[in-house]
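Here are a few friendly notes to read alongside the model. Take them in any order you like, with the structure open beside you.

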Amino acid sequence: MSVYELKKWDLSDLYSGLDSADFNAALDELGTKIGELESYREKLTDAATAAEFGAFLKKYEAASELGQRLVAFVQLQFTADSQNQKVLGMIGKIDTLMADFQSRTVFASLWWKNLPDATAEKLLAELSEYRYFLVQLRQTKPYTLSEKEEQIIAMKDVSGSSAMVSLYDLITNRYEFEFEADGEVKKLTRGQLSQYFHDPDPDVRRRSYEELYRVYEKDSAILTQIYQSIVRDWDNEALKIRGYMAPIAVRNLVNDIPDSVVDLLLAKARENKGVFQRYFRLKKKILGLDVMKRSDLYAPAEATTKRYTFDEAVKIVQAAFDGFDPEFTAKAMRVFNDRHIDSEVRSGKRDGAFCWTVCPALTPYVQVNFQGKLGDVSTLAHELGHAIHSMMAEGQNLFHQHACLPLAETASTFCEMVLSDYLLAHENDKPVRRTLLMDFMDGNYATIQRQAYFANFERDAHQLIQNGADTEALNALYMENLHDQFGESIEINPEFKGEWAVIPHIFHTPFYVYAYAFGQLLVLSLFKAYKTEGKSFIPRMKQLLATGGSLAPEEVLKNAGFDFRDPAFWQGGFDILSETIDQIEALSD
């Protein structure tokens with residue numbers, strides 16, 4: 001039986017190295033492919049046949065895949081070592097190359113968007129393989145500019161918003177945190193420091209958060225300036241140039257989620273804030289705290305020093321997935337067999353966890369920073385769930401493999417619930433069962449309510465920044481956000497005013513965060529269906545995942561039996577959480 005050890009990933013399935021012949025040949029090949037695509041400028045007219053357009057799409061897909069391989073290679077090297085200046089320089093070169101790709105082929109998307117509906121529909125009928133990709137392109141027609149303007153924006157982004165995001169990463173990934181623990185002062189990465197957020201000792205939890213925000217506070221003026229630049233760039237382009245009605249509407253259109261549905265989701269989260277406030281009051285009682293502070297939010301229900309080796313964690317996840325469906329296990333293990341996982345903690349490595357899908361032909365890459373806690377086991381299941389989703393959809397073309405952001409969290413959060421269900425099924429001890437249920441509630445808070453309120457903050461922050469907001473104003477706005485979220489159930493430590501600046505998603509991908517709440521509430525409904533229907537549910541789940549991004553989210557959910565325009569759909573998830581709190585109360589008697 002294999003023994004799984006903490007390791008770096010192997011990127012040789014992409015290229016041998018930055019100076020390698022295969023990498024440099026790929027750079028040249030992409031330039032050649034872009035030139036071939038440009039030759040279609042004269043062919044794509046109102047008289048273009050489906051065969052001609054189909055040939056262009058095949059070539060465009062091949063060039064896009066090559067570009068994605070190049071981007072993935074340099075970005076994955078950067079996340080593995082964010083202080084590598086050679087890699088950083090190559091990222092700039094690749095970003096420029098991809099912007100050139102976009103600007104030199106934008107004529108094709110403009111041609112497609114401007115075709116008469118009848119002509120477009122005839123072509124769609126013969127190009128079903130690319131149908132949803134093409135339909136989505138036409139949906140952006142009202143916000144599309146001239147070819148020259150689109151080219152200018154593509155080049156602007158390289159030295160604009162993309163550069164700001166890289167600067168944020170470069171600054172924050174080099175942070176070291178000094179923290180006294182076990183009688184000595186340690187220098188820690190953010191990932192290592194975050195382990196103390198879950199410490200049984202309230203003083204340790206408080207000091208760990210204070211150290212986190214102390215370090216970020218030193219650069220608060222710079223981080224605010226970066227965020228202001230990203231927001232102004234986003235809003236100026238979206239509202240003033242393209243004509244969107246609101247900053248979040250850009251993300252909604254990319255996700256193909258109606259504005260009204262996103263509004264409903266966020267409204268339901270706010271409406272149900274009492275569910276989590278009730279849980280935190282119960283948690284305060286269980287912990288025996290006179291006052292529960294924000295720094296106590298992730299306090300463990302039971303003091304434990306239990307740690308898992310990486311090998312134990314992998315095998316627990318294997319067993320949990322096997323209990324659901326062996327195909328899930330087999331696909332998850334491809335990540336390990338292909339050495340596409342970076343699991344060790346080290347200086348310079350990006351904190352957190354993610355899954356990077358390059359293309360249908362490649363096993364996805366997974367990053368975790370494994371430190372042995374139960375939460376790390378859950379994170380492993382989550383990221384492997386993302387990989388499973390991509391592999392289930394590897395029968396789709398490049399443009400349809402990825403589900404939209406809200407549905408992209410479906411398999412990952414479902415796999416977390418599979419793990420939680422497995423652990424509960426193998427545990428009879430009441431205090432341990434209660435701890436597992438509380439971990440489940442903590443995770444749902446982090447995935448639903450926390451993310452929904454991040455989205456609320458973003459909406460308000462974009463407006464505030466247009467009115468000249470500085471760090472103090474953004475901090476004040478964020479504190480208002482926290483007070484509304486927690487009410488009287490939790491006392492907010494003052495240092496949490498700057499929490500917004502430590503959330504990479506807010507900088508990297510504006511309005512990404514509501515996808516987590518969307519995905520988790522969906523998964524609560526899916527998992528309830530699984531527990532009700534048993535194994536007969538599995539084919540329906542597999543079909544949902546295999547769809548990837550080939551259908552509109554509304555159609556995907558309707559095929560699974562859900563209506564995201566119905567308030568009851570969203571309320572159902574919160575009702576499941578209320579039932580979980582009832583179970584925790586019963587185990588506390």
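**Notes for a first look**

1. Asp182 counts as exposed because its relative accessibility is 71% (buried means under 20% relative accessible area, exposed over 50%, and partly exposed in between, with a 1.4 Å probe and protein chains only). Asp182 sits in the loop between β1 (177-181) and β2 (184-188). Its phi is near 55°, a positive value in a residue other than glycine.

2. Before going on, please note that this is a predicted model, where local features need pLDDT of at least 70 and side-chain atom pairs count only at pLDDT 80 or more, while totals for chains, interfaces and linings use all residues. Residues are numbered from 1 along each chain as its sequence is written, and side-chain values use heavy atoms, with hydrogens and water left out. Helices (H or I, at least four residues) and strands (E, at least two) are DSSP runs, numbered from the N terminus.

3. Asp256 also has a positive phi, near 60°, and lies in the loop between α11 (247-255) and α12 (259-271). Is Asp256 buried or exposed? At 18% relative accessibility, Asp256 counts as buried. As background, most residues other than glycine have a negative phi.

4. Next, look at α20 (residues 430-466) and α23 (residues 514-533), whose axes come within 7 Å and cross at roughly 140° (axes are lines fitted to C-alpha atoms, for helices over the stretch in contact, and angles run from 0 to 180 degrees between N-to-C directions). That angle makes α20 oblique to α23 (under 35 degrees counts as roughly parallel, over 145 as roughly antiparallel, 65 to 115 as roughly perpendicular and the rest as oblique). Residues in the contact (heavy atoms within 4.5 Å) include Phe440 and Ile448 of α20 and Tyr514 and Leu524 of α23.

5. The axes of α6 (residues 147-159) and α7 (residues 161-172) come within 3 Å and cross at roughly 20°. This makes α6 roughly parallel to α7. Asp157, Val158 and Ser159 of α6 meet Ser161, Ser162 and Ala163 of α7.

6. Finally, the 15 residues of α14 (residues 310-324) should span 21 Å at 1.5 Å a residue, and the end C-alpha atoms are 22 Å apart, which agrees (the expected span is 1.5 Å times one less than the number of residues). Among the buried residues of α14 are Phe310, Val314 and Phe324. The buried residues of α14 pack against several elements, including α15 (326-337), α16 (374-392) and α23.
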